[in-house]
Amino acid sequence: MKIADSELEVMRILWREGRPMPFAEIRSELQRITGWKKSTIQTLVLRLRDKGIISAEDNYVTMYSPNVSKEEYLKTEGQSFINKLFDGSAKNFVAALCQNGHLDESDIDELKAFFTMDGREDR
């Protein structure tokens, strides 16, 4: 499942709204946020539909819905990112964040708490 950055803008709207949406609403929101023209937005929506990432239900108005949840997408993309750049090691990814100063002490404390849930420490 490959979603381009521009297509991701469409998905963000659909995920946020959590309901089937007509093109007019998607277009209105994206034009407000990005300034893109109707034809650009239409191309993005149709591309997502053709990839099977969203579905279109034709009633009086065509309603678009995501076929992939935000959580599924984040899991897939996160793993792909870690595989590509960190040889599949989440530990190496977190280490890189720490070494580059992207995590402050409170972030590190939150991660420690996450990994020690249920009284277990996985080291």
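Student: Through how many residues does a hairpin join β2 to β3?

Tutor: The hairpin joins β2 to β3 through 3 residues. Strands here are DSSP runs (E, at least two residues), and helices are DSSP runs (H or I, at least four), numbered from the N terminus. Please note that this is a predicted model, in which local features need pLDDT of at least 70, side-chain atom pairs count only at pLDDT 80 or more, and totals for chains, interfaces and linings use all residues. Residues are numbered from 1 along each chain as its sequence is written, and side-chain values use heavy atoms, with hydrogens and water left out.

Student: What is the order of the strands in the sheet?

Tutor: Strands of a sheet pair through backbone hydrogen bonds, in either a parallel or an antiparallel sense. Two strands count as paired if DSSP finds at least two bridges between them. In this model, an open sheet of 3 strands has the order β1-β3-β2, with antiparallel pairing. Because β1 and β2 stand at the edges, each with a single partner strand, one side of each is left without a neighbour in the sheet.

Student: How many bridges join β2 to β3?

Tutor: Strand β2 (residues 54–58) is joined to β3 by 5 bridges; Ala 56 stands opposite Tyr 64, and Glu 57 has Met 63 as its bridge partner. Strand β1 (residues 21–22) pairs with β3 (residues 62–66) over 2 bridges, and there Met 63 is the bridge partner of Pro 22.

Student: Which residues form the negative surface patch?

Tutor: A patch consists of residues with over 30% relative accessible area and no salt bridge, where like charges are joined within 9 Å and nonpolar side chains (Val, Leu, Ile, Met, Phe, Trp, Tyr) within 5 Å. A salt bridge is a side-chain nitrogen of Lys or Arg within 4 Å of a carboxyl oxygen of Asp or Glu. Asp 104, Glu 105, Asp 109 and Glu 110 form the negative patch. Asp 109 lies in helix α6 (residues 105–115).

Student: Which residues form the nonpolar patch?

Tutor: Phe 114, Phe 115 and Met 117 form this patch, with about 330 Å² of accessible area together (Shrake-Rupley method, 1.4 Å probe). Phe 115 is also placed in helix α6.

Notes. Lys, Arg positive; Asp, Glu negative; His and termini not counted. Charge placed at Lys NZ, Arg CZ, Asp CG, Glu CD.
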